[in-house]
Amino acid sequence: MSEAADNWERVEIGGKAADVFMPSSDRPIERAILFLQDEPTRSRSVFQSELTRHRLAAVCPQGSGCWWLDQICSEFDETVSPLSYLRQEVVPWMADAWSVAPPSIGLLGIGNGGQGVLQLAYRRAREFPVVA
């Protein structure tokens, strides 16, 4: 991890940038948030106090205006759909990094990210029962 600022760090997940939030605590992470936004760095500080208060780690993958698609979107990637990337790369990364897996991963989205988390929740409701 690199570029630490206010408990947020930039990491690479499956060849793509993501911002990761880790609450300051000696206890292990029990729950986490997959956080999709149009402009991830703009509103993440608004949520930082709540993430800290509830001891939630969070991942904000960077860069897709088409998070809701389960088909190839060239602005995102030429080989994997945005929804497939989330399920095949981001969710396993969360399990490896924090030992957190569905259904202990909540979904939070703003703008196009809101459409993305709704699609993920509709398609995998048992895995992702909490969405906002």
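F35 has a relative accessibility of 1% and therefore counts as buried, where buried means under 20% relative accessible area, exposed over 50% and partly exposed in between, with a 1.4 Å probe and protein chains only. The model is predicted, so that local features need pLDDT of at least 70 and side-chain atom pairs count only at pLDDT 80 or more, while totals for chains, interfaces and linings use all residues. Residues are numbered from 1 along each chain as its sequence is written, and side-chain values use heavy atoms, with hydrogens and water left out.

A search of the whole structure gives five aromatic pairs. Rings of Phe, Tyr and Trp (its six-membered ring) pair if their centres lie within 6.5 Å; planes under 30 degrees apart count as stacked, over 60 as edge-to-face and the rest as tilted. For F35 and F47 the ring centres are 5.0 Å apart and the planes stand at 80 degrees, so this pair is edge-to-face. The pair joins distant parts of the chain, twelve residues apart, with F35 in strand 4 (residues 32-36) and F47 in helix 1 (residues 40-53). Helices (H or I, at least four residues) and strands (E, at least two) are DSSP runs, numbered from the N terminus. F47 has a relative accessible area of 25% and is partly exposed.

Ring pairs also link W67, F76 and Y85 into a cluster. Over the ring of F76 sits the charged end of K16, 4.7 Å from the ring centre; this description requires NZ of Lys or CZ of Arg within 6 Å of the ring centre and within 35 degrees of the ring normal. F76 is also among the residues touched by S81, together with L69, D70, Q71 and I72, not counting residues up to four places away in sequence. Contact here means heavy atoms within 4.5 Å. S81 lies in the loop between strand 5 and helix 2 and is buried, with a relative accessible area of 5%.

Strand 4 pairs with strand 6 in the parallel sense over five bridges, pairing being assigned if DSSP finds at least two bridges between two strands. F35 stands opposite L108 in strand 6. In strand 6 (residues 105-109), five of five residues are buried. Both of its faces are covered, with I105, L107 and G109 on one side and G106 and L108 on the other.

L34 is also placed in strand 4 and, at 0% relative accessibility, counts as buried. Leaving aside neighbours within four places in sequence, L34 is in contact with residues including I105, G106, L107 and L108, as well as V59, L86 and V90. The C-alpha atoms of L34 and S104 are separated by 10 Å, although these residues are 70 apart along the chain.

The largest nonpolar core has 31 residues, and V59, L86 and W98 have the most contacts inside it. A nonpolar core is a set of buried Ala, Val, Leu, Ile, Met, Phe, Trp, Tyr and Cys residues joined through side-chain atoms within 4.5 Å. Elements that give two or more residues to this core include strand 4, strand 5 (57-61), helix 2 (82-98) and strand 6. Helix 2 supplies the largest share, eight residues. Apart from this core lies another, of nine residues, among them W8, I33, L56 and A58. V59 touches I33, L34, F35 and W98, among others, not counting residues up to four places away in sequence.
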